[in-house]
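Please open the structure in a viewer and keep the sequence beside it.

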Amino acid sequence: MINNLDLRKLDQRDPDELQKLLHAVAEVGFLTVSNTGLDGDRVRQVLTAYSDFFHLPEVEKQKVDMSVTGSNRGWGAPQSEQVDPDANPDFKEVFDCGFELPAGSPYCDLSVYAPNLWPQSPPGFKETIQTYFKDASAVAMRVLRAIAVALGREADSFDNAFEPPMALLRGNYYPKRPIWAGARDFGIGAHTDYGCLTLLATDGTAGLEVRMPDGRWEAVEAEPGVFVVNFGEMLEFWTGGQVKATLHRVVGGTEERLSVPLFFNPSYDTNVAPPGSDERILAGEHLTRRFKETYLHLQVS
Ligand SMILES: O=C(O)CCC(=O)C(=O)O
Ligand SMILES: [Fe+2]
């Protein structure tokens with residue numbers, strides 16, 4: 001079962017809520033969270049902005065096509081990403097934007113902090129998305145602090161590693177499942193996220209499925225204002241497996257669907273190797289490698 005948690009109670013360190021959180025991170029690797037301060041209306045505004053963008057004529061979207069860049073900022077066309085090497089490239093479209101560094105930051109030249117590409121239309125798109133990026137990041141940090149407490153650590157034990165974060169905000173657009181789609185075609189194939197914590201808003205349409213510990217695929221639904229939270233490979237390494245990075249996918253159905261994940265990752269130089277190990281796993285190197293494996297235009301063949 002995937003539990004719904006109340007972020008206000010987690011902020012207050014309510015012991016029952018923290019216990020539920022510990023179960024969710026350690027056993028399932030997925031939860032939903034309510035009472036974040038980002039309500040349904042706010043999330044619907046963001047979803048509308050992405051929807052208006054994805055429904056632009058293709059030629060408009062091509063003006064911010066990431067495939068002509070050496071990074072992952074802007075529009076990713078259908079079949080531009082293959083998250084599962086055993087499946088065909090995903091049929092979703094995406095729009096990715098990253099955390100904007102302050103001028104003069106030593107990280108400026110790294111591709112994981114590449115400059116964003118913003119479309120001319122819909123009007124106000126950049127402002128809506130950037131404001132949401134900031135507010136959603138604050139929610140992600142609150143959830144991470146509660147996780148630290150649930151794991152018996154200091155609440156702020158992850159904080160410094162996220163200054164600056166290597167965060168990416170994405171809009172996913174899933175058209176109806178195409179008639180040509182076969183057994184190896186997915187909206188997004190089965191994958192684990194690459195980073196730390198993913199805070200996902202959806203338009204409420206069913207589609208997301210999570211691989212449960214018993215091997216079943218369980219559907220998770222979240223109306224705007226409820227967020228799905230899951231964890232990526234880095235947090236699993238970094239906590240020595242105390243937090244699970246769980247497989248998930250979207251097969252796609254008879255209705256189109258939008259989702260907005262915030263991939264909240266620590267700064268480039270964070271060593272996310274398990275505690276006490278001699279290994280060194282730099283967050284930025286891991287993320288760069290996973291991007292190169294999965295975005296077709298970044299693959300080195
Ligand atoms: O659309 C969803 O519900 C999940 C999207 C997802 O897993 C991703 O973008 O990594
Ligand atoms: Fe994912």
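A residue is called near a molecule or strand if its C-beta atom, placed from the backbone, lies within 6 Å of that molecule or strand. The model is predicted, so local features need pLDDT of at least 70 and side-chain atom pairs count only at pLDDT 80 or more, whereas totals for chains, interfaces and linings use all residues. Residues are numbered from 1 along each chain as its sequence is written, and chains are lettered from A and ligands numbered from 1 in the order in which they are written.

**First stop: ligand 1**

Select ligand 1 and then the residues around it: Arg 170, Asn 172, Ile 188, Asp 193, Leu 200, Thr 202, Gly 207, Leu 208, His 248, Val 250, Ser 259 and Pro 261. Which strands each supply at least two residues of this shell? They are β5 (168-174), β7 (197-202), β11 (248-250) and β12 (257-264). Helices (H or I, at least four residues) and strands (E, at least two) are DSSP runs, numbered from the N terminus. Colour the shell by class to find 5 nonpolar, 5 polar and 2 charged residues. In this scheme Ala, Val, Leu, Ile, Met, Phe, Trp, Tyr, Cys and Pro count as nonpolar, Asp, Glu, Lys and Arg as charged, and the others, Gly among them, as polar.

**Second stop: Ala 219**

From His 248, a member of the ligand 1 shell, proceed to Ala 219, whose C-alpha atom is 9.6 Å from that of His 248, although the two are 29 residues apart along the chain. Ala 219 belongs to strand β9 (residues 217-219). Is Ala 219 buried or exposed? Ala 219 counts as exposed because it has 10 C-beta neighbours inside 10 Å. The rule is that a residue is buried if 20 or more other C-beta atoms lie within 10 Å of its own, exposed if 12 or fewer, and partly exposed in between, with C-beta atoms placed from the backbone. Leaving aside neighbours within four places in sequence, Ala 219 is in contact with Ala 206, Leu 208 and Glu 209. Contact requires that the C-beta atoms of two residues, placed from the backbone, lie within 7 Å.

Now select residues 15-28, which form helix α2. This helix has 14 residues and reaches 19 Å from its first C-alpha to its last, close to the 20 Å expected at 1.5 Å a residue. The expected span is 1.5 Å times one less than the number of residues. Within α2, Glu 17, Leu 21, Ala 24 and Val 25 are buried. These residues lie on the same side of α2 because they cover an arc of only 85 degrees around the axis; the arc is that of the directions from the helix axis to the C-beta atoms. An α-helix has 3.6 residues a turn, so residues three or four places apart point the same way. On the face turned away from the buried side, select the exposed residues Pro 15, Asp 16 and Gln 19.

What covers the buried residues of α2? The cover includes β1 (4-6), α1 (7-11), β2 (30-34), α5 (125-150) and β10 (227-231).

Turn next to the strands. β1 and β2 run parallel and are joined by 3 bridges, with Asn 4 opposite Thr 32 in β2. β2 also pairs with β10, in the antiparallel sense, over 4 bridges, and Val 33 stands opposite Phe 227 in β10. Pairing requires that DSSP find at least two bridges between two strands.

Select residues 283-294, the 12 residues of helix α7. The buried residues here are Ala 283, Gly 284, Leu 287 and Thr 294. They share one side of α7, since they cover an arc of only 110 degrees around the axis. Arg 289 and Lys 292 are exposed on the other side of α7. The buried residues of α7 pack against α6 (233-238).

**Last stop: backbone details**

Most residues other than glycine have a negative phi, and most peptide bonds are trans. Select Asn 35, which is not a glycine but has a positive phi of about 60 degrees; Asn 35 is in the loop between β2 and α3 (40-54). Gln 79 has a positive phi near 65 degrees and is found in the loop between β3 (74-76) and β4.

Finally, inspect two peptide bonds. The bond from Ser 121 to Pro 122 is cis, with omega near 5 degrees, and Pro 122 is in the loop between β4 (93-98) and α5. Glu 163 and Pro 164 are also joined by a cis peptide bond, with omega about -5 degrees, and Pro 164 lies in the loop between α5 and β5.
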